[in-house]
Structures are given as structure tokens and as C-alpha cells.
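Below are my notes on the model, as numbered points. Please read them alongside the coordinates.

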Amino acid sequence: MARRKFDIEIPDLAGKRAVVTGASDGVGLGIARRLAAAGAEVVMPVRNQAKGAAAVAVIRREVPGADVSLRELDLSSLRSVAALGSTLLEEDKPVHVLVNNAGVMTPPDRQTTADGFELQFGTNHLGHFALVQHLLPLLRAGRARVTSQISIAANANAINWDDLNWERSYSGGKAYSQSKIAFGLFGLELARRSAAGGWGVTSNLCHPGIAPTNLLAARPEVARDSDTLSVRVIRFLSARGIVVGTVESAQLPALLAATSPSPGGFFGPSGAGGLGGPPAEVPLYSRLRSKEEARRVWEKSEELVAVRTA
């Protein structure tokens, strides 16, 4: 089956500084490449520096003259997050675009971060929450657009408030949903607090649909030794243009969210079930609509990471 190609136009980003987490491969690498091609200075904070260097080489090969550079970041360590914050604050350059893209998904067994949080909650949500708190002066200086990548998994399950770290019982899928629900609620609460406080920061959400990325592939860092059945099925469908998207199409909602003249709220694929298709503004998931729940997530996250908004 022939796959219909689609794309978006990205405005000139010359003179803008963009920070993209999870840019060493897959969707994040594609986002970083497109922002660099539009003229942005792109900072790529990565955990694996060798993998990051290979990604930088790819971008420079495909975008001659691209202004891209690496920084160190392990979102599963609050010390690492704070160190990146200090590094960027010392560089004293406003951040105009922040794409919170990095994440981990359903490790085979329950794992914890360096700070003792369940790995997915600690990495996908708390790590990014802390990063935004540390970078807030630079985000305010750049009147930044902050785009947080969630997942269709945020449209299922709930936050396990009685056991946020899944210590009493563990479901990798439900813990993943929790991390993305919390992350989405945070992104919306950031928008509300910015508007109320006059911070000048725009915050929105996106999701990539379903695509054959490395999230469910073999990943030694989460003790997954082989590709999951899910990713093998997704690759099969994607290669044949059936329902799901591609790595290239999965980049587009984040790019639209991060660069569209309209701030919008939530962007994703517009095809059946949000699995694939052209990017568009899409209805907000029911689990992300409660302002009270969003405020609770923010306040609990401040308590857990011990970083408060100035």
C-alpha cells in the first residue's frame, strides 16, 4: 500500500536557541534536525555522549552549517538535571524553544531512578519537571515555547496517587500511563501559571501517535535485551502504510506544537484513533482536563524534586 506523504512548514528560527531532550535518535533526532535546518541553534542534552555525537554528525551531514551541540543529561538523576540547569544558566543565553521529548517505556521489570522514583515516572515526568524549574529564568528571558511530548497512553488508566512509585504492585503499562498523564497535566499547569504570573512562557502538549521508534525496541539501559512483539508489529504496519505512522510523521506534531504561530493546546496525528496521519490540533484527553488534578501534580512534583518555582 502506498503511503501518502505529508509535512509542515517551519518558520525561520535564525537567532533562536532550542533545547531538545532525547535527540540522540528517533523522533528527537528528527525534531533537532528540522529545527537546525530552520536556522535555530540546537542544544541536545543526552545521556549517552557517543550516541549523541553520532546524532550531531548526522545533522551536520544533512544540514550543512547546522549549529548543534551536545550537553550531558540523565533525566533519571535529579543531580544530572540540576547540573544541566547550572550549565545553561552559566551560558546565559535565552531559550526560545524547549522540546521535552525524551522518555522510557515499559521496562520488563520495575526499576527506579537514581533518586528512588519508579523509572518511568521519575524520568518521563519528574526529570522534565525539574528541568523546566531550573531553566525557568532562561525560558522567561526567551519568551519560550515549551512543548511536552506525551503519549496516547495518557488517554488510559490514571495516576496511582496511593502508590506513585508502584512499590506495592507493578504494572509497566499503567506506570507508563501515569507518567504521561502527570507530564501532560504539568504542561497545562505550566501554561496556566505562566499566564497568571506574566512569565511570557507558552506551554503546550503533543503526542507522536504510534510509530516504529526505539521506545519498545531492545534497550540495554532499561534491561530490555530484545525487541518487543509490539514494536515488531508496529514496524510491519508502518512499512505497509497501515494505520500507524512513521518515524518521520511522528516528529511532526512536536514540530507543529513548537513552531506554529498559534500556541494551541494539544497536537497529534489526525488519522484514525490518533495513531497516524497529518499533524493537527486535537481534542484534549479526558484525563488531562482537571485543573485541580494538574495543580495537585505540580505541587506534589515540587515536593518530590525539591525544586520550587521562583
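1. Helix α8 (residues 291–305) gives the most to the lining of the largest cavity, namely three residues. α4 and α8 each supply at least two of the lining residues. By class it has five nonpolar, two polar and one charged; Ala, Val, Leu, Ile, Met, Phe, Trp, Tyr, Cys and Pro count as nonpolar, Asp, Glu, Lys and Arg as charged, and the others, Gly among them, as polar.

2. The model is predicted, with local features needing pLDDT of at least 70 and side-chain atom pairs pLDDT 80 or more, while totals for chains, interfaces and linings use all residues. Residues are numbered from 1 along each chain as its sequence is written, and side-chain values use heavy atoms, with hydrogens and water left out.

3. How many cavities of 30 Å³ or more does the structure hold? There is one, and the largest cavity contains about 40 Å³ of space. A cavity is a set of points on a 1 Å grid over the protein atoms alone where a 1.4 Å probe fits but cannot get out, and lining residues have an atom within 4 Å of a point. Points are joined across faces, edges and corners, and the volume is the space filled by probe spheres set on them.

4. The axes of α4 (residues 119–141) and α8 come within 10 Å and cross at roughly 85°. α4 is therefore roughly perpendicular to α8, a label that covers 65 to 115 degrees. Axes are lines fitted to C-alpha atoms, for helices over the stretch in contact, and angles run from 0 to 180 degrees between N-to-C directions. On the α4 side, F121, H125, L126, F129, A130 and Q133 meet V297, W298, S301, E302, L304 and V305 of α8, contact being heavy atoms within 4.5 Å. These residues divide into eight nonpolar, three polar and one charged.

5. Helix α5 (residues 172–197) and α8 have axes that come within 8 Å and cross at roughly 95°, so α5 is also roughly perpendicular to α8. A182, L185, F186, E189, L190, R192 and R193 of α5 contact K291, E293, A294, R295, V297, W298 and E299 of α8. This contact has seven nonpolar, no polar and seven charged residues.

6. The open sheet has eight strands in the order β3-β2-β1-β4-β5-β6-β7-β8, with mixed pairing; strands pair if DSSP finds at least two bridges between them. β3 (67–72) and β8 (279–281) are the edge strands. Neighbouring strands are turned by 20° against each other on average, direction ignored.

7. β2 (residues 41–46) pairs with β3 in the parallel sense over six bridges, and V42 has V68 in β3 as its bridge partner. Helix α2 (residues 49–62) packs on the sheet, touching β2 and β3, with its direction at about 175° to that of β3.

Key: Helices (H or I, at least four residues) and strands (E, at least two) are DSSP runs, numbered from the N terminus. Angles under 35 degrees count as roughly parallel, over 145 as roughly antiparallel, 65 to 115 as roughly perpendicular and the rest as oblique. On a 1 Å grid over the protein atoms alone, a cavity is a set of points where a 1.4 Å probe fits but cannot get out, and a pocket is an open set with protein on both sides within 12 Å along at least five of seven lines; lining residues have an atom within 4 Å of a point.
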